[in-house]
Amino acid sequence: MRLLLIEDERELANALSAALAKQGIVTDHTMQLADAFELTRQHAYDAILLDRRLPDGEGLTFIPKLRRSGTDTPIIVLTARNEPLERVKGLDIGADDYLGKPFLVEELMARVRAVLRRPSNLVEPSIVAGRMVINPLHLNVTINSVSLDLPRRELLVLVALAKRKEKTVLRSTLEAAVYNYEDEIQSNALDAHISRLRKRLLDAGAGVTIHNIRGVGYLLKEE
Ligand code: CA
């Protein structure tokens, strides 16, 4: 899962990005609305977390602009302006949810999962590949009901491959699933993750193999 966080309090943004990373979520962070719009052109986000008081304007003005551009990515407004009428304003302008600061990361995560469960944002509830059942929202993998523990980046690669099983997934798509745009990506890091992932899947009897399509990407096949 990849989120866009639009927030000008650097400390909060860093803490939030780190907490979300622990949950296996890649977060791109920007402090300005102008950059935010550009980022939504470049990446398909699963959800957007939007502050209201930002250096280049009121966060809520971003919502109609984004909707007019044809993007229906769910937006959760995060703000200290949490009076009932402010919440009404936020929801009426097209936000999917509204969360008052301060909040627990656990509550934010629950709300992200909730907006993604809504019919128009329906994420495939679980992916079956080989003997694995993968839940892309909760990021867990089970084989015959036994959970398979994977390091976060290997898990994200696996989800990205399993979503498009039997099809080649481009290296750039896999990298986008694992790294945010500030991470420095070593050219062979992806290959190293995949090589470790292959071994773990083989050991666990996952019933899938990952093939390298040289220079293009990778392909997950069911045995
Ligand atoms: Ca702010």
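Predicted model: local features only at pLDDT ≥ 70, side-chain atom pairs only at ≥ 80, totals over all residues.
Me: How do you know where domain 1 and domain 2 lie in the chain?
Reply: The bounds come from an automatic or database domain assignment, and that assignment divides the chain into domain 1 (2-121) and domain 2 (127-222). The centres of the two domains, taken over C-alpha atoms, are separated by 27 Å. The contact, meaning heavy atoms within 4.5 Å, takes 14 residues from domain 1 and eleven residues from domain 2.

Me: What makes up the figure for the area buried between domain 1 and domain 2?
Reply: Buried area is the accessible area (1.4 Å probe) that two parts lose on being put together, summed over both. For domain 1 and domain 2 this comes to about 990 Å², with 58% of it on carbon and sulfur atoms. On the side of domain 1 that touches domain 2, the elements giving two or more residues are β2 (26-30) and α5 (105-117), and β2 gives the most, with five residues. Helices (H or I, at least four residues) and strands (E, at least two) are DSSP runs, numbered from the N terminus.

Me: Which kinds of polar or charged pairing are counted between domain 1 and domain 2?
Reply: The count of salt bridges between the domains is zero, where a salt bridge is a side-chain nitrogen of Lys or Arg within 4 Å of a carboxyl oxygen of Asp or Glu. Four residue pairs, with both residues at pLDDT 80 or more, are in polar contact between the domains. A polar contact is a pair of N or O atoms within 3.5 Å; within protein, one must be able to donate a hydrogen and the other to accept it, and residues adjacent in sequence count only if both atoms are side-chain atoms.

Me: Why is T27 called buried?
Reply: Buried means under 20% relative accessible area, exposed over 50%, and partly exposed in between (1.4 Å probe, protein chains only); T27 has a relative accessible area of 4%, and is therefore buried. T27 is found in strand β2, and, leaving aside neighbours within four places in sequence, T27 is in contact with L3, L5, S17, L20 and N180.

Me: What makes E9 and K101 a salt bridge?
Reply: The closest N and O atoms of E9 and K101 are 3.3 Å apart, and because the limit is 4 Å, the pair qualifies as a salt bridge. E9 lies in the loop between β1 (2-6) and α1 (10-22) and K101 in the loop between β7 (97-100) and α5, so the pair ties together parts that are 92 residues apart in sequence. K101 is buried, with a relative accessible area of 18%, whereas E9, at 43%, is partly exposed.

Me: Why is R2 called buried, and what does its side chain meet?
Reply: R2 has a relative accessible area of 7%, which is under 20%, and R2 is therefore buried. A polar atom of the R2 side chain lies 3.1 Å from the backbone oxygen of Y179.

Me: Why is N144 called exposed, and what is noted about its phi?
Reply: The relative accessible area of N144 is 59%, and because this is over 50%, N144 is exposed. N144 is not a glycine, although it has a positive phi of about 50 degrees, and its place is in the loop between β10 (140-143) and β11 (146-148).

Notes
Residues numbered from 1 in each chain as written. Heavy atoms only, no water.
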